Amino acid sequence: MVLDRIYSDLFKNFIFFPMAKIVGYNIRNYYLQFRKTQWLSIEELKEHQEKKINRIIKIASTNVSYYQELFKTKNKPLTLLDFPIISKEIIKKNALDNFINNNFKGKLILKSSSGSTGEPLQYYVDQDWKASKIASWIRNLEWTGYKIGDPYVNVTGFPHGFFKKYPIIFTIEQKFFRLNNISPFELNDQSIIDIVEKIKKARVNLIRGYASSLYEIAKFIKENNIKLNIKSIVTTGETLFNEQRETIKNSFNGKVYDEYGVDAGLIAFQCKFGSYHINCENMYIEIVDDNLKPCKLGQEGQIVVTALSLFGFPLIRYNTEDIGSLSDINCPCGRGLPILKKIQGRISDRIITGNGKIITIHMFTGLFMPINEIDQFRIRQKNPNRFIFDLKIKQTFNNELSTFLREKISILLGDNVEFDINFVENVELHETNAKRKFFIRDF
Ligand SMILES: [Zn+2]
């Protein structure tokens, strides 16, 4: 323990921060700030945020063509609410240059969103954005008891590091990080056996991966009575369903922390009391209804973000199209960082049937996931009144279970909606990344 702490301090101060600085990321500054600011009161944090919002608004209205054009005839000063809510489609429709800060002297980095829903979005970030994102992420991981440099298993398929372009330095970097990368792209019984062996050997305290990948591994561990003891498990990249959380918690025998990030940055992370604290030094969050009007506190709606440390390509009131609500409770952990109450997944995961019923994907995960005889599932909607349920089942699946499912599904879908249950060998993962999509609209 003591040696780990010494290693972490040395690694952080003499290798990680200096290496990051060499390639242009001043993570240390942000990290030191964020470690302190998390304990400020909500009022102090709001004041802090307001200053940052005003700075971004000023940059956008004076140096970004899209907003200059928009506010040509409008009297200044502007407030955040004067800015329109922008979507992926609006950014795509315009030339990317229209959103660039024309007075920006730093380096812009072209990024592409993972494209798990529709076409990927291209946008720019800058070095401040990246440094502050990594700093807030390290702060978040520390909530789990992790210290940078601790042995860590990464099951996202995307190894982190600053020197990806230089294979030799990158390998050294990964060794110093004590990072064990495992690919989630082809999960099958044999690869899971290998993964579990690797996890055992690595003697790690932290494992991080997509909710669905960790869930698959957790199911295998449970079925095979494997004993593991991983202190902290971080799920990311997808909505974490309650059934998944329980299985992951019990199989890995540790505490599950869920991370919520979008293209625009890392939004929230759970503390040990389960609250999703917003990284509000970097992100300003609003919740809006279907007409894009602000919701009341606690009301569920679409999550809209303004990135507060992205100066080269101001991203203002960007609609994530995820569903959530804000809370004003004080968390027992003592942090003043505001809390996202619920993250309900993407708006595209809302299932609307021809009879006007709105069903959340949670209702189906709640139905299928607790059934041991079902390995994997996916719902495809072929037209408003027709659904196909792809199920990968175990040999123990029987007619009785099939009848039970048919009854439950027809109650959930409601009148005049047809469906088929289709038994498949495997439920295909999404092509461009390993995230599993439980619902696909096919029309
Ligand atoms: Zn908390």
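Visitor: Which residues of the largest nonpolar core touch the most other members?

Guide: A nonpolar core is a set of buried Ala, Val, Leu, Ile, Met, Phe, Trp, Tyr and Cys residues joined through C-beta atoms within 7 Å. Buried means that 20 or more other C-beta atoms lie within 10 Å of a residue's own, with C-beta atoms placed from the backbone. Here the largest nonpolar core has 69 residues, and those touching the most other members are Ile 207, Leu 214, Ile 233, Ile 278, Met 283, Val 305 and Ala 307. Helix 9 (residues 211-223) gives the most to this core, six residues. Helices (H or I, at least four residues) and strands (E, at least two) are DSSP runs, numbered from the N terminus.

This is a predicted model: local features need pLDDT of at least 70, side-chain atom pairs count only at pLDDT 80 or more, and totals for chains, interfaces and linings use all residues. Residues are numbered from 1 along each chain as its sequence is written.

Visitor: In what order do the four strands of the open sheet stand?

Guide: Two strands pair if DSSP finds at least two bridges between them. The order is 18-17-16-19, with mixed pairing. Strand 16 (residues 374-383) pairs with strand 19 in the parallel sense over three bridges, and Ile 379 stands opposite Phe 439 in strand 19.

Visitor: Why is one side of strand 18 and of strand 19 left without a neighbour in the sheet?

Guide: Strand 18 (418-423) and strand 19 (439-441) stand at the edges with a single partner strand each, so one side of each has no neighbour in the sheet.

Visitor: Into which domains is the protein divided?

Guide: Domain bounds come from an automatic or database domain assignment. That assignment gives domain 1 (2-346) and domain 2 (350-441). Their centres, taken over C-alpha atoms, are separated by 30 Å.

Note on methods
A residue is buried if 20 or more other C-beta atoms lie within 10 Å of its own, exposed if 12 or fewer, and partly exposed in between; C-beta atoms are placed from the backbone.
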